Amino acid sequence: MGAVPKFDPNLVVFACSHSGAPAARTAGEVPEVHLIEVPCSGKVDVIHLLKAFEDGADGVLVLGCFKEACRYLEGNLRAAKRVGYVRSVLEEVGIEPERVQFQHLAPDMAQRFRELALQLAGKIRAMGPIPGKVKA
Amino acid sequence: MIVAERKHLKEIQGLVSDQDRILIVGCQECVTVCMAGGEREVGILASSLRLARSREGKPVEILEQTIHRQCDFEFVDELKDKVEGVDCIISMACGVGVQFVAERYVDRWVVPALNTKFAGGTKEIGLWEERCGLCGECILYLTGGVCPIARCSKSLLNGPCGGSQKGKCEVSEDIDCGWQLIYDRLQEKGRLDLLFEFQPPKDWSVARDGGPRKVVREDVML
Ligand code: SF4
Ligand code: SF4
C-alpha cells in the first residue's frame, strides 16, 4: 500500500445560539470547523445536514443544549432525533453514519467544544474523505 | 387520507440506475401529512440520491417540484416545463398520483417512490393507522363508528371470532381486536342491542370485487 495522502477534513458545526455558539466563540478558531449558528438546534432539519454533506462536509456536528435546558423546550430532542434519522440515510447511501453527531453543550464549555471538534476531526481523518464527494 | 411510506433508497436507486436526469415530484396532500412525499421528503430523497450516485461515480442531475395534488391533471400539467428537461420522473405521491403523472407524460419513464398503504389517519405525530377498507357501502352506523372491515383482521360482520383474547386479535398482540373495540364503543353508547341483529353477507360487488370503480356526478359535468 502507498502512503496515505494528507487529508484535512471539513467539519460543519451547527451550533445553538444558547449553548454551542457561545462556547465556540470563547474557544476561538478551530481550523477544520465551519461554524453555523442557529437560533435553536431544533431549527436544524434533515435536509440541512444532508446538504452540508452534498456541499463538501466530511463530518457534521450538531450542538444543542443539555436535556432540560433547551430554550424552546424540545428543540434539542428534535435535533437529536433528526441526527439519528440522517445517520440512517447516510447508511443507506453508503456513507459512515458516524460522520454526523449530536452533542449537548452549555455556553460556558469552550474547552469541551474544542475537544468535541478535534475528536470528530480525528475520527474523520481516520475514515478519510467521502468517496466521490459532490463538491471539494 | 391515503397513507404511504417511502421505499428504501436502494430500491428507488435501482429503479433509476440508468437515468441521468430525473425530476422528483412531491404532492402537497395526503403524503405531505403522512410525511412520505411532500416537499420536505422530495428534498431528502433528491439529496440522498445525489450523494449515493456521486459515491458511485455516476453523478445525477435532479430537479424537484411539489405540486398541489398529483391526482388532478389540472396540477399535473404544471410539471410540463420541468418534465421537458428530464428522462425520468420519480413520483412521491400515492399510487393514484403516480398513475396520473404517468398518464399525462407517456413519453417519460415514471416510477413510484412510495408504497401506498391504506386509508387512515394520524393517531399521533409519527403514527398513522388504517381506518377504512373502502368497501363501497359504509356500515359504521351498525358498529358505533368502528369499522369492522378495516379494523377486524378477518373483516367479520358478526364478530368477534374465537381468537379474541384480552382485547387483542389472534393475528398479533400489536393489533387491537376490532370487535372488542366495537363492543366497547356500543357499550359506551348504550347500544349493545345492535349486536343482536345478525348481519347478512355484504355485497362485495360494490367493493374491489366488482372491478375498478367509478363515481359519476352528471350534475357537475359540462
Ligand atoms: S364500513 Fe366500509 S366504507 Fe365504512 S369505514 Fe368500513 S370499509 Fe370504510
Ligand atoms: S380476534 Fe378480533 S380482530 Fe382478530 S380476527 Fe377475530 S374478531 Fe377480528
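Helices (H or I, at least four residues) and strands (E, at least two) are DSSP runs, numbered from the N terminus. All the views below come from a predicted model, in which local features need pLDDT of at least 70, side-chain atom pairs count only at pLDDT 80 or more, and totals for chains, interfaces and linings use all residues. Residues are numbered from 1 along each chain as its sequence is written, chains are lettered from A and ligands numbered from 1 in the order in which they are written, and side-chain values use heavy atoms, with hydrogens and water left out.

**View 1. Met35(B) sits in the loop between α2 (30–33) and α3 (39–55) of chain B.** Take a look at the backbone here: phi of Met35(B) is near 55 degrees, a positive value in a residue other than glycine. Met35(B) is partly exposed, at 45% relative accessible area (buried means under 20%, exposed over 50%, partly exposed in between, with a 1.4 Å probe and protein chains only).

**View 2. Thr66(B) belongs to strand β3 (residues 61–67) of chain B.** With a relative accessible area of 19%, Thr66(B) is buried. Leaving aside residues up to four places away in sequence, Thr66(B) touches Gly26(B), Cys27(B), Gln28(B), Gly38(B), Glu39(B) and Val42(B) (contact means heavy atoms within 4.5 Å).

**View 3. Ligand 1 has a shell of residues from chain B.** Around ligand 1 you will find Cys132(B), Gly133(B), Leu134(B), Cys135(B), Cys138(B), Ile139(B), Leu140(B), Cys147(B) and Ile149(B) (a residue is near a molecule if one of its heavy atoms lies within 4 Å of it). This shell divides into eight nonpolar residues, one polar and no charged. Here Ala, Val, Leu, Ile, Met, Phe, Trp, Tyr, Cys and Pro count as nonpolar, Asp, Glu, Lys and Arg as charged, and the others, Gly among them, as polar.

**View 4. Ligand 2 has 13 residues around it.** Those that come nearest are Cys152(B), Cys161(B), Cys169(B), Cys177(B) and Gly178(B). By class, the shell of ligand 2 holds seven nonpolar, four polar and two charged residues.

**View 5. The loop between α7 (148–151) and β8 (168–169) of chain B contains Pro160(B).** The peptide bond leading from Gly159(B) to Pro160(B) is cis, with omega near -5 degrees. Ser155(B) is also placed in the loop between α7 and β8, and Ser155(B) has a positive phi of about 50 degrees although it is not a glycine. Ser155(B) counts as partly exposed, at 25% relative accessibility.
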